[in-house]
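The exercises below are to be worked with the sequence and the model side by side. Each task is followed by a solution in steps.

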Amino acid sequence: SESLLNIIMESGWLGIVIVAVLFVLMIIAVYIFIERYLTIKAAGRVDQNFMNNIRASVSAGNIQGAKALCQTTDSPTARMVEKGLQRIGKPLKDIDAAIENVGNLEIFRLEKNLSTLASIAGAAPMIGFFGTVTGMIAAFYEMASQENVTPDVLAGGIYQALLTTAFGL
C-alpha cells in the first residue's frame with residue numbers, strides 16, 4: 001500500500017497544486033472552527049453569582065459597585081448589564097435600546113470569521129471539482145493525441161480527477 005503523500009505526488013503538478021490549496025483551506029477552516037467554538041463556549045457561561053452580586057449591589061443603591069463588577073467581568077452579559085446600569089435614570093425605552101445595541105455588537109463579535117468558514121465550505125468542493133474537470137481534460141487530451149489508446153493513457157487524468165474530487169469533498 002502506498003502512503004497518502006505518494007498518492008498525491010503521482011497525481012500530476014495540477015493535482016498537487018489543487019490538493020495543496022485544499023489542504024491550506026482545511027487548516028484555516030479547522031482553526032476558525034476551534035477558535036469560534038472555544039469563544040462561543042466561553043461566552044455562553046453565565047456565572048449566577050455575577051447576576052446575584054449585581055442584583056444585591058443595585059438593591060443596596062451601590063450602582064458604582066455594580067458597574068465596577070461589570071467592568072472586571074469579561075463576558076457579553078457583563079457588558080450588556082453595564083450598558084444598562086449606565087443608563088439608569090433614563091426612560092426604560094432608552095435603556096432597552098442601549099442593551100439591545102450592545103447585544104447586537106456582542107453577537108457580531110461572536111460571529112466573527114463565520115462567513116470565512118462558510119466560504120471555505122462552499123469553495124472547497126468547487127476546487128475539487130475543478131480538479132475533476134482538469135483531470136478529465138488531461139485524460140481526453142491523451143486519448144486524442146495517441147494512436148493506440150490503452151488504459152494506461154487514460155489512467156493519469158482519471159487518477160487526478162478522482163483524487164482532487166475526494167480531497168475537495
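**Exercise 1. Helix α7**

Which residues of α7 are buried?

Solution. The model is predicted, so local features need pLDDT of at least 70 and side-chain atom pairs count only at pLDDT 80 or more, while totals for chains, interfaces and linings use all residues. Residues are numbered from 1 along each chain as its sequence is written, and side-chain values use heavy atoms, with hydrogens and water left out.

Step 1. Buried means under 20% relative accessible area, exposed over 50%, and partly exposed in between, with a 1.4 Å probe and protein chains only. Helices are DSSP runs (H or I, at least four residues), as strands are (E, at least two), numbered from the N terminus.

Step 2. List the residues. In α7, I120, A124, G128, G131, T134, G135 and A139 are buried.

Step 3. Find their partners. These buried residues pack against α2 and α8, contact being heavy atoms within 4.5 Å. From the α8 side, take T165, which is placed in that helix. T165 is buried at 17% relative accessibility. Leaving out residues up to four places away in sequence, T165 touches G128, F129 and T132.

Step 4. Check the length and the axis. From first C-alpha to last, the 32 residues of α7 reach 47 Å, close to the 46 Å expected at 1.5 Å a residue; the expected span is 1.5 Å times one less than the number of residues. At A123 the helix bends by about 25°, and the proline P125 follows within four residues. The bend at a residue is the angle between axes fitted to the seven residues ending there and the seven starting there.

**Exercise 2. Salt bridges**

How many salt bridges does a search of the whole structure find?

Solution. Step 1. The search finds four, each a side-chain nitrogen of Lys or Arg within 4 Å of a carboxyl oxygen of Asp or Glu.

Step 1. E35 bridges to R36, with the closest N and O atoms 2.6 Å apart. R36 is buried at 5% relative accessible area.

Step 2. D74 pairs with R79 at 2.7 Å between the closest N and O atoms. D74 is exposed at 69% relative accessibility, and R79 is partly exposed at 27%.

Step 3. E106 pairs with R109 at 2.6 Å between the closest N and O atoms. Both lie in α6 (residues 92-110), three residues apart. E106 is buried at 4% relative accessibility, whereas R109 is partly exposed at 47%.

Step 4. D74, R79, E106 and R109 are linked in a salt-bridge network.

**Exercise 3. The largest nonpolar core**

Which residues make up the largest nonpolar core?

Solution. Step 1. A nonpolar core is a set of buried Ala, Val, Leu, Ile, Met, Phe, Trp, Tyr and Cys residues joined through side-chain atoms within 4.5 Å. The largest has seven: F50, I54, A66, C70, A78, V81 and L85.

Step 1. α3 (48-59), α4 (63-72) and α5 (76-86) are the elements giving two or more residues to this core. α5 gives the most, with three.

Step 2. Apart from neighbours within four places in sequence, A78 is in contact with F50, C70 and T73.
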